[in-house]
Amino acid sequence: MQPLQLAILSTSRIVDEFLQHLSEMPEISVQALCCRPQSGEKARAWAGQYGIPAVYTDEDACYAAGGFDAVYIGTANHLHYAAARRALQAGYHVILEKPFTGTAAEARELYALADQKGVMLLEAITVYYLPQFAFLQAELPKIGPVRGAMASFCARSRRYDDFLQGIWNTTFDPACQGGALNDMNVYNLHLLTGLLGTPQRAEYRPSLAENGIDTAGLALLDYGDVTAAALAAKDSDGINGMTLQGPGGCLVVEGGTNALPVVYSRLGGVRGGGARTDAPKADRFRMAYEFAEFARIIREKDTAAEQQARARTLRVMDLLDQLHSR
């Protein structure tokens, strides 16, 4: 089976992590790296390490040269929209890192452009493609009506100390669309809405630094008969995971909501020692599952799957708009 021929835009940390696990993704063949001129040395070193044929420091030159079918964009958050627009205009399929864009309106503009160009646009969000998520979906009806829902993803950023010392970085700059909601809570939102659907309303209670960036924050999703809580932080560590509980038992995630490392259901009552059923363990790197599916969707031109992914992305983008406004 022919792997998806891919160009990667950026030399960010997430791209570094992706490349480190490239051997686990036979569905992908990276043909080019494109980055800013100041990052060219790093990109050339990666190209040598991972056997990537071409390196570019100019997007127009990269897209004109071609030799690939899709572009994976892993730039800083505030650059997503413009970078995706350029790649779509050049006629390539696009895989765009989370958070998808700065606003839902930007997301809809990009989808309209993708339709116009006859290419696919997909969000790189790990949650839905992991086997553990399918387990949660299958087990959810067994716990009965959800009466409690909490998700947490908190990790002190390696750049937080720099921020405290006044050293600039995009992660803690409001103009660069960083912060706890966009960088961390977005995983909680995808996980909760993927299981519970769209809330009736939502509000965000952030912890703000002097420059206005949310270093931590609690999102409250009102479903009428239950309110789900989603906590995220970049200024402190915490116990990460998710719990959904109902009269028939509970569903539990232990660990980061971007990877769902330990997942199980406990049915028949926790106090009474209800039976625990563990989800299947992931046997690949967390990003391998989504990229395998992206390759399949693009190769098979599976527009139904692309539309489902689009609906999930827009649901969360609309929700982020609502949370940012409160």
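# Notebook: loops, sheets and helices

**Entry 1, a proline in a loop.** I began with Pro-99, which lies in the loop between β5 (93–97) and α5. The model I am reading is a predicted one. I looked up the peptide bond that leads from Lys-98 into Pro-99 and found it to be cis, with omega near -15°. I noted this since most peptide bonds are trans.

Most residues other than glycine have a negative phi. I therefore listed residues that depart from this rule, a rule that holds for most residues other than glycine. Ser-10 is not a glycine, yet its phi is positive, about 115°. I placed Ser-10 in the loop between β1 and α1. Is Ser-10 buried or exposed? Its relative accessibility is 12%, which is under the 20% limit, so Ser-10 counts as buried.

Lys-301 is not a glycine either, and its phi is positive at about 50°. Lys-301 sits in the loop between α9 (286–300) and α10. With a relative accessible area of 65%, Lys-301 is exposed; the cut-off for that word is over 50%.

I traced an open sheet of six strands and wrote down the order β3-β2-β1-β4-β5-β6, with parallel pairing. Which strands stand at its edges? They are β3 (54–56) and β6 (121–124), and each of them pairs on one side only. Neighbouring strands in this sheet are turned by 25° against each other on average, with direction ignored.

β1 (residues 4–9) and β4 (residues 70–73) run in the parallel sense and share four bridges. Leu-9 stands opposite Ile-73 of β4.

I looked up Asp-16, which belongs to helix α1 (residues 13–20). Asp-16 has 26% relative accessibility, so I recorded it as partly exposed. Asp-16 and Trp-46 are 30 residues apart along the chain, and I noted 8.5 Å between their C-alpha atoms.

I then checked two of the pairs. β11 (residues 241–246) and β12 (residues 249–254) run antiparallel and are joined by six bridges. The bridge partner of Gly-241 in β12 is Glu-254.

Glu-203 has Leu-220 as its bridge partner in β9. How many residues lie between β8 and β9 in their hairpin? I count five, and Gly-212 in the turn has a positive phi of about 95°.

Two packed helices are described by the angle between their axes and the distance between the axes. I looked up both values for α5 (residues 104–117) and α10 (residues 303–324): the axes come within 8 Å and cross at roughly 160°. Angles over 145 degrees count as roughly antiparallel, so α5 is roughly antiparallel to α10.

Which residues meet here? From α5 I wrote down Ala-104, Ala-105, Ala-107, Arg-108, Tyr-111 and Asp-115. Facing them from α10 are Glu-306, Arg-310, Thr-313, Leu-314, Met-317, Asp-318 and Asp-321. I sorted the residues of this contact into six nonpolar, one polar and six charged.

How many disulfides does the whole structure hold? My search found zero. Cys-176 is in no disulfide, and the nearest cysteine sulfur, which belongs to Cys-35, is 18 Å away. A disulfide would need the two sulfur atoms within 2.5 Å. Cys-176 is buried, with a relative accessible area of 6%. I also looked up Cys-154, which is buried with a relative accessible area of 7%.

Methods
Residues are numbered from 1 along each chain as its sequence is written. This is a predicted model: local features need pLDDT of at least 70, side-chain atom pairs count only at pLDDT 80 or more; totals for chains, interfaces and linings use all residues. Side-chain values use heavy atoms; hydrogens and water are left out. Two strands pair if DSSP finds at least two bridges between them. Helices (H or I, at least four residues) and strands (E, at least two) are DSSP runs, numbered from the N terminus. Axes are lines fitted to C-alpha atoms, for helices over the stretch in contact, and angles run from 0 to 180 degrees between N-to-C directions. Buried means under 20% relative accessible area, exposed over 50%, partly exposed in between (1.4 Å probe, protein chains only). Angles under 35 degrees count as roughly parallel, over 145 as roughly antiparallel, 65 to 115 as roughly perpendicular and the rest as oblique. Contact means heavy atoms within 4.5 Å. Ala, Val, Leu, Ile, Met, Phe, Trp, Tyr, Cys and Pro count as nonpolar, Asp, Glu, Lys and Arg as charged, and the others, Gly among them, as polar.
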